[in-house]
Amino acid sequence: MYGIGEKNVDQLRPRGTTMSDHQSNDIYESARIAILLPCYNEGKAITHVIASFREIIPSAQIVVIDNASTDDTAEKALSVGATVIGETLPGKGNAVRRGFSEVEADIYVMADGDGTYDATALPQLINKLVTDRLDMVVGTRAEKEQAAYRSGHRMGNRLFNTVFAKLFGERFTDIFSGYRVFSRRFVKTFPAISTGFEIETEISVHAIMLRAPVAEIPTSYGARHEGTESKLRTYRDGARILSRILLFTATHKPFVFYGLVAAFLSVFSVLLGLPLVIEYLETGLVTRLPTAILTVGVMLAGILSFMTGLILSNTGIGQWEVKRLAYLLHADQLKTLRLELKAESNK
């Protein structure tokens, strides 16, 4: 951890506003709120992002996870009073894992350091988490300008969200949103295995398998800050995300994954063997012995795949029971804030 820098926040506040304009947000002082910003070469945007979040919730701890940047991201974050944690392993997943493990808070906010997410929506996300006793609230992306998405990303997002919904259920409409608010017990029981941009997918899978209470709220999604560029590589990262979704399916829903493999192999075996059966019925001979051997082998592989899925599914139940028990060990830390929000809403 690099440490904490000092600078007058008013120097970064937009003209015409003062701390009193957001005085109602002082209500969040009863809870420890940490805003985590994983960054790689976001030096041109990071001070603006930090200022925008600090303007909305002054009491929050803002933590920049510097993911081996080669520019002045860390120095600029320190200069405006943010805490900076260095992570040398490249990839957003590694940065998020480091932030989750190092930072202690009651409420965790995850956003990007490029200025695409709307800081003014944060109180709504936090209030939803606290008042409805949720473990995660996702700020789904409602783009406010055409440049927010690169060419092809809209189609890719729809495709992956559809595949994810078919495999894991339709609890989320935007599995790739990086704007999320978490409870402490969700963060501290999340394994964070992913290394790259597939981290949001892993978070969504974890919430579904844990049967955690979650919600989505539409938020504005704008273009990146001028002078910055996206680190997402369309085809390379798209392939990684797809492979990770399949891996999550095999790991967390093995009966579905191996059952589909078994069904494919069984159908393929039947199609291979059907001409042989017809030939045998007509002539009483099987002249294509190699094909007959292949047909039997493929069918046996299908049976083995089905049994593998059945065994792994039963084994996985015990693993998720252990994870659920670990999740329940974390007590509710937001009772005071919940009462304060309720009192505020009744005024």
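Which helix holds the place of Glu279? Glu279 sits in helix H9, residues 254–283. All views show a predicted model.

**View 1. Glu279, a buried acidic side chain without a salt bridge.** Glu279 is buried. The nearest side chain of opposite charge is Arg288, 4.4 Å away. A salt bridge needs a nitrogen-to-oxygen distance within 4 Å. Leaving aside residues up to four places away in sequence, Glu279 touches Gly284, Leu285, Val286, Thr287 and Arg288.

**View 2. The second largest pocket, with about 560 Å³ of space.** Its lining comprises 27 residues, and Met209, His252, Lys253, Gly316 and Trp320 are the closest to the centre. Helices H7 (199–210), H8 (234–252), H9 and H10 (289–328) each supply at least two lining residues. H10 gives the largest share, eight residues. By type, the lining divides into 14 nonpolar, six polar and seven charged residues.

**View 3. Helix H3 (residues 92–102) and its cover.** The buried residues of H3 are Lys92, Gly93, Asn94, Ala95, Val96, Gly99 and Phe100. Among the elements covering them are strands E2 (33–39), E3 (61–66), E5 (107–110) and E7 (180–183). Helix H6 (184–187) and H7 also contribute to this cover.

View 4. Glu102 is partly exposed, with a relative accessible area of 34%. Arg98 is also partly exposed, at 24%. Glu87, Arg98 and Glu102 are linked in a network of salt bridges.

**View 5. The salt bridge between Glu104 and Lys188.** The closest N and O atoms are 3.5 Å apart. Glu104 lies in the loop between H3 and E5, and Lys188 in the loop between H6 and H7, so the pair ties together parts 84 residues apart in sequence. Glu104 is partly exposed at 40% relative accessibility. Lys188 is partly exposed at 24%.

**View 6. The salt bridge between Arg185 and Asp135.** The N to O distance is 3.0 Å. Arg185 belongs to helix H6, whereas Asp135 is in the loop between helix H4 (122–131) and strand E6 (136–143); the pair links distant parts of the chain, 50 residues apart. Arg185 is partly exposed at 25% relative accessibility. Asp135 is buried, with a relative accessible area of 1%. A search of the whole structure finds 15 salt bridges.

**View 7. Glu170, an exposed loop residue.** Glu170 is in the loop between helix H5 (153–168) and E7. Its relative accessibility is 69%, so Glu170 counts as exposed.

Key:
Residues are numbered from 1 along each chain as its sequence is written. This is a predicted model: local features need pLDDT of at least 70, side-chain atom pairs count only at pLDDT 80 or more; totals for chains, interfaces and linings use all residues. Side-chain values use heavy atoms; hydrogens and water are left out. Helices (H or I, at least four residues) and strands (E, at least two) are DSSP runs, numbered from the N terminus. Buried means under 20% relative accessible area, exposed over 50%, partly exposed in between (1.4 Å probe, protein chains only). Lys and Arg count as positive and Asp and Glu as negative; His and the chain ends are not counted. Contact means heavy atoms within 4.5 Å. On a 1 Å grid over the protein atoms alone, a cavity is a set of points where a 1.4 Å probe fits but cannot get out, and a pocket is an open set with protein on both sides within 12 Å along at least five of seven lines; lining residues have an atom within 4 Å of a point. Grid points are joined across faces, edges and corners, and a volume is the space filled by probe spheres set on the points. Ala, Val, Leu, Ile, Met, Phe, Trp, Tyr, Cys and Pro count as nonpolar, Asp, Glu, Lys and Arg as charged, and the others, Gly among them, as polar.
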